[in-house]
Amino acid sequence: MSTSSEAPQLSLLVEPSQKLHQRISDFTQLLAKNLHYFLPGTRVNQLKEITDWMNSSYDNLKSNLDNTVFWMTGDAGTGKSIISAKVLHLQYDNSLIGWHFCQHSNPLENTSIAILESMSGIMASRLPAYETAVADVDIKALETAKAKDNSMDFYKLLFEAPLNAMEPPTDANGKTCLKLIIIDAFDEIHDEQLDKFLKVVTCFSELPPWIRLFLTSRRYDKILKSLSAKVSFILEPRIFT
């Protein structure tokens, strides 16, 4: 299989907050591997559709909150993770504030709690206002939710409360800046943990409209049933396009 001649190098290593001490996953090697298989000049239509969604106006997103979630779905081998890696690389210095790449071979990083904890730590490193807001979290309540594997309470403490308390991020002209979170291959989360994650991820459309969530997975019936009412953008990539 031919590949790109030179995969761009980008470190995804993030230092955790000194207060929260989150366990943060490092996907540097996985990103490099997926970027290596991206062929220049391919996936043009898919990347344009994703870019158009990311460039949607803030006012348009406020009027239709379902537009804040984009789900790319398809069979195994259709290049979903390659596209996710390319989107991450393109947006790393722009709108990107969080990411997670699920892998069935790494169950410790594949639980709903682990995903939320890692993403929160990454977001705190990339969005100062969020770092300030999440610093006020009730540590005891957070530890209790983690110990009980209560991902919904964990989500409310680390995402819902601090993000809704924040003012929207703005640029130098006072214009609201949209921010991007990427979660790739979440169908590789196992069994009960997938059920927990789906309950959480359906709540993301209720976060402030300046937050955009890009998801990829295979089109399992369980996932389709949970997400179909929560997303307006569903993209199915085709091999070698």
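At 25% relative accessibility, R218 counts as partly exposed, where buried means under 20% relative accessible area, exposed over 50%, and partly exposed in between (1.4 Å probe, protein chains only). The structure is a predicted model, in which local features need pLDDT of at least 70 and side-chain atom pairs count only at pLDDT 80 or more, while totals for chains, interfaces and linings use all residues. Residues are numbered from 1 along each chain as its sequence is written, and side-chain values use heavy atoms, with hydrogens and water left out.

The side chain of R218 meets that of D187 in a salt bridge, with N to O at 2.7 Å; a salt bridge here is a side-chain nitrogen of Lys or Arg within 4 Å of a carboxyl oxygen of Asp or Glu. D187 lies in the loop between β3 (179-184) and α9, and R218 in the loop between β4 and α10 (221-227), so the pair ties together parts that are 31 residues apart in sequence. Helices (H or I, at least four residues) and strands (E, at least two) are DSSP runs, numbered from the N terminus.

By the same rule the count comes to five salt bridges. Another of them joins D195 and K222, whose side chains meet at 2.9 Å, N to O. This pair links distant parts of the chain, with D195 in helix α9 and K222 in helix α10, 27 residues apart. D195 is partly exposed, with a relative accessible area of 34%, and K222 is likewise partly exposed, at 39%.

D149 forms a salt bridge with K196, and here the closest N and O atoms are 4.0 Å apart. Because D149 lies in the loop between α7 (139-147) and α8 (151-165) and K196 in helix α9 (residues 191-201), the pair ties together parts that are 47 residues apart in sequence. The relative accessibility of D149 is 24%, which places this residue in the partly exposed class.

The strands come next. Six of the six residues of β3 are buried, so this strand is largely enclosed by the rest of the structure. In a regular strand the side chains alternate between the two faces of the sheet. Both faces of β3 are covered: K179, I181 and I183 on one side and L180, I182 and D184 on the other are all buried.

Strand β4 (residues 211-217) is in turn joined to β1 by five bridges, and the two run parallel. In this pairing T73 stands opposite S217 in β4. Strand β1 (residues 69-73) is mostly covered, five of its five residues being buried. V69, W71 and T73 point one way from β1 and F70 and M72 the other way.

Among the helices, α5 (residues 112-126) and α8 have axes that come within 9 Å and cross at roughly 20 degrees. Axes are lines fitted to C-alpha atoms, for helices over the stretch in contact, and angles run from 0 to 180 degrees between N-to-C directions. The crossing angle makes α5 roughly parallel to α8, since angles under 35 degrees count as roughly parallel, over 145 as roughly antiparallel, 65 to 115 as roughly perpendicular and the rest as oblique. The contact (heavy atoms within 4.5 Å) is made by residues including I113, L116, M119 and M123 of α5 and F154, Y155, L158 and F159 of α8.

Helix α1 (residues 28-36) contains N34, which counts as buried at 10% relative accessibility. The C-alpha atoms of N34 and I82 are separated by 5.0 Å, although the two residues are 48 apart along the chain. Not counting residues up to four places away in sequence, N34 touches S81, I82, A85 and F101.

For the chain as a whole, the secondary structure comes to ten helices and five strands. Buried residues make up 51% of the 241 residues. Among contacts between residues at least 6 apart in sequence, 80% join residues at least 24 apart.

Key. Two strands pair if DSSP finds at least two bridges between them.
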